Amino acid sequence: MKRVQFEHSPIPYLFIAPQIVIIAVFFLWPAAQAIYQSFLLEDAFGLSSQFVWFKNYSDTVFSNSWLQAAGFTAVFSTLVTLLSLAIALLLAVKANEVIHGARTYKTTLMWAYAIAPPVAGLMGNLMFHPLIGDLYKLMNAIGWDFDHKLDAFDASFVVILISVWKQVSVNFIFFLSGLQGIPHSVVEAATMDCKNATRRFWTITFPLLAPTTFFLMVINITYAFFETFGIIDTTTRGAPGGSTNTLVYKVFQDGFRGADLGGSSAQSVVLMLVVLALTVLQFRFIERKVHY
Amino acid sequence: MKNTNWRLIYAHTVLIIGVIFMSFPVWVAFSTSTHDDVTILRNGLQFWPGTHFFETYWEVLFVEGGVMKSVLGTTMLKNSLILGIGFAVGKVIISMLAAYAIVYFRFRLAAPLFWIIFMTLLLPLEVRIIPSYEVMAGLNLLDTHTGLIVPLIASATGTFFFRQFFRSVPEELLEAARLDGATPWRFFVDILIPLSKTMIAAILIIMFVVGWNQYLWPLIMTTKEENYTLVIGIKQIYQVLAEGGELPQYQKAFALTILATLPPVLVVLVFQNWFVKGLVESEK
């Protein structure tokens, strides 16, 4: 906070009021509703409801379909995070190395940031379209009996590929700015001491990038959990047989398509806890960074 | 010396493969959108632009029934612009005001109010979809611009961004302003806003892209076709293609993806430096 501040007055309340009012109406109230509804069981017509304690939680969280979605979400977010980070790091290191065309590379690698996930999803969906999709034909031509409409593994492959593609550019931007933030003196000293570029990277550069990497991991996990909704909704929609359902997509499906209010709310509350854990992780890391 | 050359060649090779990987889908989408439906159905995706560019895009943008049942491409474009610009501007205003109160004033509820703002990070839309929908329905805000934009602008990211920036502004400025008898409002308008110009530009660009690309919220908030944004139109196209029916209009689907992609990409490319600055700073 500032050492010098304005005195007590009602003015700050006026300034902060718009945001607080919107948050109260559109964030806190619905969230409270979700928590409340997660303890209720409604009848089929939504006319009456009774308090059922944790029945919705035990019913949904221990159901096969939820566990399946949880399993897919774990595999999916791990792969998307690792692959998109690895590709982006490789590209950023190389883009930082070249002198000619560095700016062109930077521009052409980062602009995909601006593409919306569902747009990427539809594009990917058409590339893998059985009638016109060249990637679909290519997969089958190289001897892979590829059918993402029927095969769970192939469907996961499509969703992961599109999700990674969409996320590379963000990671690239952060890695590149992280690399450019390393002082020249450090780079020069390292070059004098160690002629082997690969070893130099793993012993000097990569540890210096650790804060960026850690931060990006949290961002990427959050992305894989939440923002891939648009990709899944325009490609597999959780099919075949719920094998590409993420936890977030399942909340939507159960709540809107299945009209299972209590179960969907219980899942929402579980997700709130996941977000809480991710946020704590992120902030503990920021605390640590301050002490560097 | 020779060694360095090989390293550079290797670096360029990796980068070129990366550029192809990132650009290829969009290039194919564009090329395919400029061919007619029969060609695509017979020969699959196209790698070079064809001759139907004007025809397809004209139909998608201006002809009724060209792409959706009743809504024109231009209407969706307009809705997307309203969402993108409204979201960006609204977010900047609301978060600058809140950050100003938090950084420059001593008041009793400062800490709890800050925590309320922080809580929005814990409550992404996805964990409160259905009750949010119910609140909007209860307030009669479905299918309105207010309902579409206002709930989105309250999240904490912008506030944190400006809070961080305001804290880095030299203390002496406020001291001097107070000696000159400036009111809080004067100080905000005459000193702080001009100082924040670059920051405002950077956050406007990021937020325009974020707003334009909103999917889940407009999806549940808009029921009438006339309120669709381009990104939501994508969803409808997907549905039409999936359900089959007449001769599938793949070129129009691709044209729509290009239209939905172009404005945010242009903004990012034109304002590249501000964009990178805003992105890297705001996520800290």
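Author: Domain 1 of chain A and its surroundings

Seven residues of domain 1 of chain A are in contact (C-beta atoms, placed from the backbone, within 7 Å) with seven residues of domain 2 of chain A. The model is predicted: local features need pLDDT of at least 70 and side-chain atom pairs pLDDT 80 or more, while totals for chains, interfaces and linings use all residues. Residues are numbered from 1 along each chain as its sequence is written, and chains are lettered from A and ligands numbered from 1 in the order written.

On the domain 1 side, α1 and β1 (40-42) of chain A each give two or more residues; helices (H or I, at least four residues) and strands (E, at least two) are DSSP runs numbered from the N terminus. That side has four nonpolar residues, two polar and one charged. Nonpolar means Ala, Val, Leu, Ile, Met, Phe, Trp, Tyr, Cys and Pro; charged means Asp, Glu, Lys and Arg; the others, Gly among them, are polar. Domain 1 spans 11-51 and domain 2 spans 57-291, with bounds from an automatic or database assignment. Their C-alpha centres lie 31 Å apart.

Next comes the other chain. In contact are 77 residues of chain A and 76 of chain B. On the chain A side, α1(A) gives the most, 19 residues. One partner is α6 (residues 129-138) of chain B: its axis and that of α1(A) (residues 11-37) come within 8 Å and cross at roughly 120°. Axes are lines fitted to C-alpha atoms, for helices over the stretch in contact, and angles run from 0 to 180 degrees between N-to-C directions. Residues of α1(A) that meet α6(B) include W29(A) and P30(A), and P131(B) is among those they meet. By class, this contact has seven nonpolar, three polar and no charged residues.

Notes. Two residues are in contact if their C-beta atoms, placed from the backbone, lie within 7 Å.
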